[in-house]
Protein chains: 2
Amino acid sequence: MKNIAIISITINIILIFILTYFCLKPVKPKTKSNDIKIVNTKGALKTIFERKSVREYTDAKVSKDMLNILLKAGMASPTAGNRQPWAFITITDKNILKKLAEGLPYAQMLNKASAAIVVCGIPSESFSGKESEYWIQDCSAASENILLAVEALGLGAVWTGVYPVKERIDWVSKILHIAPGTIPLNVIPIGYPSGQQKIKDKYKIEKIHWEKW
Amino acid sequence: MKNIAIISITINIILIFILTYFCLKPVKPKTKSNDIKIVNTKGALKTIFERKSVREYTDAKVSKDMLNILLKAGMASPTAGNRQPWAFITITDKNILKKLAEGLPYAQMLNKASAAIVVCGIPSESFSGKESEYWIQDCSAASENILLAVEALGLGAVWTGVYPVKERIDWVSKILHIAPGTIPLNVIPIGYPSGQQKIKDKYKIEKIHWEKW
């Protein structure tokens, strides 16, 4: 009986060890600390379906690290002929954000945003002639990547259109001293969402055609 | 001693129970079976950074369920003024895929693809005048959502441009009987990737401007 007790206690200790070590230990991320943010986000499809336009923000600052991830996400999108005809202006200066808002009636949320990214196109870096217009598609894909990365990081943002409205292009170009030949496509105000933002369900079966129109 | 043995054995049994029940039990997804695919994908940022143009596919068929998820992802993107000026043609008929390829020199992968989605814009459903051009940006964002959903689902695809090249627009419109006033932006061949596809690192620090140009 003594032997059974000793064996049993030993098994107890081993089991407690296993339980503590493998099950109760917090799961360590497999990446280095500066990569965690990139790995540790919610799933891609969930992010795509939960992304929404966020127009109200708290006063919390968006870190430069986070902004850099957003820029990296933007540059990870595809471009026609891999021309990458884009440039990104990232603004965190409150005075510049407010100045931009003055000429952009549909971007008043810049007054409350902690940052903004202006996605610009450089048609001359795309194909020549009519096909240089691919810069619009390329920069739009980059913008969508930025918006999804925003959602993945728990931030909020909204795409406010600049191109093709001439007055808006002129205003943004003037305030940001944008080089001639470079066109601001949009201004994306960014911040931490204040309160519940609603997701729009825009799925419409009548928008889908199978095999042909 | 007998008591100790009995207590010890009892503790053993309890511990084994805990170990089996809480730690070794596979984690049950919290969603219904038809939602699993939407939840169970890799992280959003990882997907953004791992998305690549996939031009070679196996013979495996892409299910209609998967194609529907891609279409839902497309329609989850933002549009100017929430106009949703888009339509999606989804093709799985090999004959139509091959016919499309005949007039699209840069989309020869259609000959091997299991499916394709043609993202179309309907300018008249966007704003009026110059601002109707927002359909290009809206449909490009939808296309990027589709490409990211493709990556998330373990599929492969590539954005092949149609608009603004007149001959390609005419060819796709003719083959798919697209309604007048609707413009095919691109053709996205889709399939299961064959072999290792390379990820391009397109991050360039010189493309970033802080505060102003």
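1. Start with where the two chains meet. In this predicted model, the contact takes 79 residues from chain A and 79 residues from chain B. On the side of chain A that touches chain B, the elements giving two or more residues are α1 (2-24), α2 (36-39), α3 (44-50), α4 (64-74), β1 (86-91), α6 and β6 (208-210). The largest share of that side comes from α1(A), with 13 residues. Sorted by class, the residues of this side of chain A come out as 47 nonpolar, 17 polar and 15 charged.

2. Next, how the two copies are arranged.

3. How far to trust it? The model scores ipTM 0.84 and pTM 0.84. Chain A averages a pLDDT of 90, and 87% of its residues score at least 70. The stretch to read with this in mind is residues 25-36 of chain A, where pLDDT stays under 50. For that stretch the model has 5 contacts beyond four places in sequence.

4. Now have a look at α6, a helix that takes part from both chains. Helix α6 (residues 134-152) of chain A packs against helix α6 (residues 134-152) of chain B at an angle of about 55°, with the axes 8 Å apart. The angle falls between the cut-offs of 35 and 65 degrees, and α6(A) and α6(B) are therefore oblique to each other. Their crossing is right-handed.

5. Which residues of α6(A) meet α6(B)? On the chain A side they are A:Ile136, A:Gln137, A:Ser140, A:Ala141, A:Ser143, A:Glu144, A:Asn145 and A:Leu148. Facing them in α6(B) are B:Ile136, B:Gln137, B:Ser140, B:Ala141, B:Ser143, B:Glu144, B:Asn145 and B:Leu148. By class, this contact of α6(A) with α6(B) has 6 nonpolar, 8 polar and 2 charged residues.

6. Helix α6(A) also has a partner within its own chain. The axes of α4(A) and α6(A) come within 7 Å and cross at roughly 140°. Again the pair is oblique, and the crossing of α4(A) and α6(A) is right-handed. From α4(A), the contact uses A:Ile69, A:Leu70, A:Ala73 and A:Gly74; from α6(A), it uses A:Ala142, A:Asn145, A:Ile146, A:Ala149 and A:Val150. The class count for α4(A) with α6(A) is 7 nonpolar, 2 polar and no charged residues.

7. A few backbone details deserve a check. Most residues other than glycine have a negative phi, and most peptide bonds are trans. The bond from A:Tyr163 to A:Pro164, though, is cis, with omega near 10°. A:Pro164 sits in the loop between β4 (160-161) and α7 (166-176) of chain A. Chain B has a cis bond from B:Tyr163 to B:Pro164 too, with omega near 5°, and B:Pro164 is in the loop between β4 (160-161) and α7 (166-176) of chain B.

8. A:Glu211 lies in the segment after β6 of chain A.

How values were computed. Residues are numbered from 1 along each chain as its sequence is written. Chains are lettered from A and ligands numbered from 1 in the order in which they are written. This is a predicted model: local features need pLDDT of at least 70, side-chain atom pairs count only at pLDDT 80 or more; totals for chains, interfaces and linings use all residues. pLDDT is the predictor's confidence in each residue, from 0 to 100. Two residues are in contact if their C-beta atoms, placed from the backbone, lie within 7 Å. Axes are lines fitted to C-alpha atoms, for helices over the stretch in contact, and angles run from 0 to 180 degrees between N-to-C directions. Helices (H or I, at least four residues) and strands (E, at least two) are DSSP runs, numbered from the N terminus. Angles under 35 degrees count as roughly parallel, over 145 as roughly antiparallel, 65 to 115 as roughly perpendicular and the rest as oblique. A crossing is left-handed if the near helix is turned anticlockwise from the far one by less than a right angle, and right-handed if clockwise. Ala, Val, Leu, Ile, Met, Phe, Trp, Tyr, Cys and Pro count as nonpolar, Asp, Glu, Lys and Arg as charged, and the others, Gly among them, as polar.
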